[in-house]
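Subject: Structure handover, with notes on what was found

Dear colleague,

Please look it over when you have time.

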Amino acid sequence: MKINQTPVICYGEILWDVLPDGPQPGGAPLNVSYHLNKLGVDTSIISRVGNDANGEHLKRLLDNWGIKKHLLQTDKEYPTSEVIAKMNNGNEVSYEIVFPVAWDFIKSSKNSIEQLNSLTYLIYGSLASRNNVTRNTLFELLESDAIKVFDINLRPPFINRNLLEALLLKADIVKFNQAELEMAQLLFGGSFNNEASQIRFIQQHFDVPEIIVTKGEFGASYYNNDKVYNAWGSEVKVKDTIGSGDAFLAAFIANRYLKNEPQTIIKNSVAMGAFIATKKGGCPQYSLSEYKNFQQQIF
């Protein structure tokens with residue numbers, strides 16, 4: 001293994017979520033990396049921050065959390081990203097994603113490409129591809145033989161059918177929520193009303209063997225080729241939903257990396273998503289034993 005090489009690399013946006021009660025570190029790649037590290041899986045981030053105080057603060061957090069930052073870039077022109085988050089109906093969150101920012105300009109790097117191999121999980125989303133520089137760098141990385149995990153973020157106005165198609169065609173594992181699954185199958189000519197048919201359509205259309213569908217309080221389903229595994233949600237006291245989907249994905253990757261059984265993978269992932277929903281922000285402080293205790297209580 002090369003120096004600093006990790007089994008998981010998260011690609012894309014890292015930023016500050018500016019909430020009504022103050023800023024919180026965020027962005028799906030950062031959130032996923034944070035929880036993977038908590039679960040004992042070493043992780044690196046490929047992203048870009050500005051040459052500013054917000055960027056320096058994020059770098060210090062990565063060091064404090066033990067997340068490898070050797071693939072993180074610094075931009076001298078564009079600022080570290082901020083997202084203006086607004087709370088709706090108590091728990092749901094809407095976002096104003098500022099453009100352009102540093103992570104829109106992630107450059108190609110020989111070091112990044114060399115870190116990828118057939119055992120590496122490369123996690124990427126659709127949001128980071130909104131600008132051509134970061135998009136072109138991502139497609140270079142997607143030519144590797146890494147295990148490619150596509151976490152779809154269909155957030156208007158950043159929905160592009162051709163881009164979505166290209167990203168899906170590269171994926172080995174895709175994570176949708178129910179609304180995204182419905183939207184995706186309609187975008188590509190599907191007209192199916194039930195989840196199983198929608199999944200089959202996406203699997204066949206894009207040759208994606210593994211698809212995850214998250215359903216909030218109702219749990220999630222894991223479609224692995226022609227088999228499906230379900231885990232039901234549990235009623236919890238929600239603080240906010242920021243980052244709970246990212247925590248879910250981190251647990252999914254950690255459990256899959258550890259070669260757990262599919263039913264165990266999806267059950268533990270649902271537990272992690274619910275656990276983080278009981279806390280504030282996408283990267284809350286917690287111990288592994290605290291999560292394990294929660295897991296035992298709900299199952």
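G66 is found in the loop between α2 (53–65) and β6 (73–75), where helices (H or I, at least four residues) and strands (E, at least two) are DSSP runs numbered from the N terminus. At 37% relative accessibility G66 counts as partly exposed; buried here means under 20% relative accessible area, exposed means over 50%, and partly exposed lies in between, with a 1.4 Å probe and protein chains only. Although 32 residues separate G66 from Y34 in sequence, their C-alpha atoms are 8.6 Å apart in space.

Before going further, please note that this is a predicted model, in which local features need pLDDT of at least 70 and side-chain atom pairs count only at pLDDT 80 or more, whereas totals for chains, interfaces and linings use all residues. Residues are numbered from 1 along each chain as its sequence is written, and side-chain values use heavy atoms, with hydrogens and water left out.

Y34 itself belongs to the buried residues of α1, which are A28, P29, L30, N31, V32, S33, Y34, H35 and L36. Because nine of the 11 residues of helix α1 (residues 28–38) are buried, this helix is largely enclosed by the rest of the structure. Just after α1, G40 takes a positive phi of about 90°.

Not counting residues up to four places away in sequence, L36 touches V8, V41, T43, I123, A250, I253 and A254, contact meaning heavy atoms within 4.5 Å. As general background, nonpolar side chains in soluble globular proteins tend to be buried together.

T137 and G12 are 125 residues apart in sequence, yet 10 Å apart in space, C-alpha to C-alpha.

Turning to helix packing, the axes of helix α4 (residues 132–141) and helix α5 (residues 161–170) come within 11 Å and cross at roughly 25°; axes are lines fitted to C-alpha atoms, for helices over the stretch in contact, and angles run from 0 to 180 degrees between N-to-C directions. That makes α4 roughly parallel to α5, given that angles under 35 degrees count as roughly parallel, over 145 as roughly antiparallel, 65 to 115 as roughly perpendicular and the rest as oblique. In this contact R135, L138 and F139 of α4 meet L163, A166 and L167 of α5.

Helix α6 (residues 178–187) and helix α7 (residues 195–206) pack at an angle of about 55°, with their axes 10 Å apart, and are therefore oblique to each other. Here Q178, L181, E182, A184 and Q185 in α6 meet E195, Q198, I199, F201 and I202 in α7.

Finally, some backbone details deserve a check, since most residues other than glycine have a negative phi and most peptide bonds are trans. A cis peptide bond, with omega of about -5°, joins F99 and P100, and P100 lies in the loop between β8 (92–97) and α3 (110–114). N225, in the loop between β13 (220–224) and β14 (227–231), has a positive phi of about 55° although it is not a glycine, and at 47% relative accessibility N225 counts as partly exposed. K259, in the loop between α8 (244–257) and α9 (262–277), is likewise not a glycine and has a positive phi of about 65°; K259 is exposed, with a relative accessible area of 72%.

With best regards
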